[in-house]
Amino acid sequence: VSSARVRANYNARIMPNKLVLIRHGQSMGNIDETLYSTTADNAIPLTKLGWLQAREAGQRLRQIVKGSNDVHFIVSPYVRTVETF
């Protein structure tokens, strides 16, 4: 068995069956780009609409992962992504 085949078999075993990507909700920077000149990009928070979008995304995600025993999350440390999470 070639090393490429061994590697392919290993990768097939460890890779998830499903990958879900979710973008953060609307941020203050989305509605006022001048905010980027006074606030660090990673510190820009969600708007009220962004919080509503985050809640909706969470509800949809719950349905997607329902019944899954092995779920992992990778979340950016940016304020708006943590707020969305």
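Ala-8 counts as partly exposed, at 34% relative accessibility, where buried means under 20% relative accessible area, exposed over 50% and partly exposed in between (1.4 Å probe, protein chains only). Ala-8 lies in helix 1 (residues 3-14); helices are DSSP runs of H or I with at least four residues, numbered from the N terminus. The C-alpha atoms of Ala-8 and Val-65, 57 residues apart along the chain, are separated by 26 Å.

The model is predicted: local features need pLDDT of at least 70 and side-chain atom pairs count only at pLDDT 80 or more, while totals for chains, interfaces and linings use all residues. Residues are numbered from 1 along each chain as its sequence is written, and side-chain values use heavy atoms, with hydrogens and water left out.

Helix 3 covers residues 48-65, and its 18 residues should span 26 Å at 1.5 Å a residue; the expected span is 1.5 Å times one less than the number of residues. The end C-alpha atoms of helix 3 are 26 Å apart, which agrees. Buried in helix 3 are Gly-50, Ala-54, Ala-57 and Leu-61. These residues cover an arc of only 65° around the axis, which puts them on the same side of helix 3; the arc is that of the directions from the helix axis to the C-beta atoms. An α-helix has 3.6 residues a turn, so residues three or four places apart point the same way.

The buried residues of helix 3 pack against helix 4 (79-84), with contact meaning heavy atoms within 4.5 Å. On the other side of helix 3, the exposed residues are Lys-48, Leu-52, Arg-55, Arg-60, Arg-62 and Gln-63. After helix 3 comes Gly-67, whose phi is positive, near 85°.

The largest pocket holds about 1,100 Å³ of space. A pocket is an open set of points on a 1 Å grid over the protein atoms alone, where a 1.4 Å probe fits, with protein on both sides within 12 Å along at least five of seven lines; lining residues have an atom within 4 Å of a point. Grid points are joined across faces, edges and corners, and the volume is the space filled by probe spheres set on the points. Of the 32 lining residues, Val-20, Leu-61, Val-71, His-72 and Phe-73 lie nearest the centre of the pocket. Helix 3 gives the largest share of the lining, nine residues.

Methods
Helix = DSSP H or I, 4+ residues; strand = E, 2+ residues; numbered from the N terminus.
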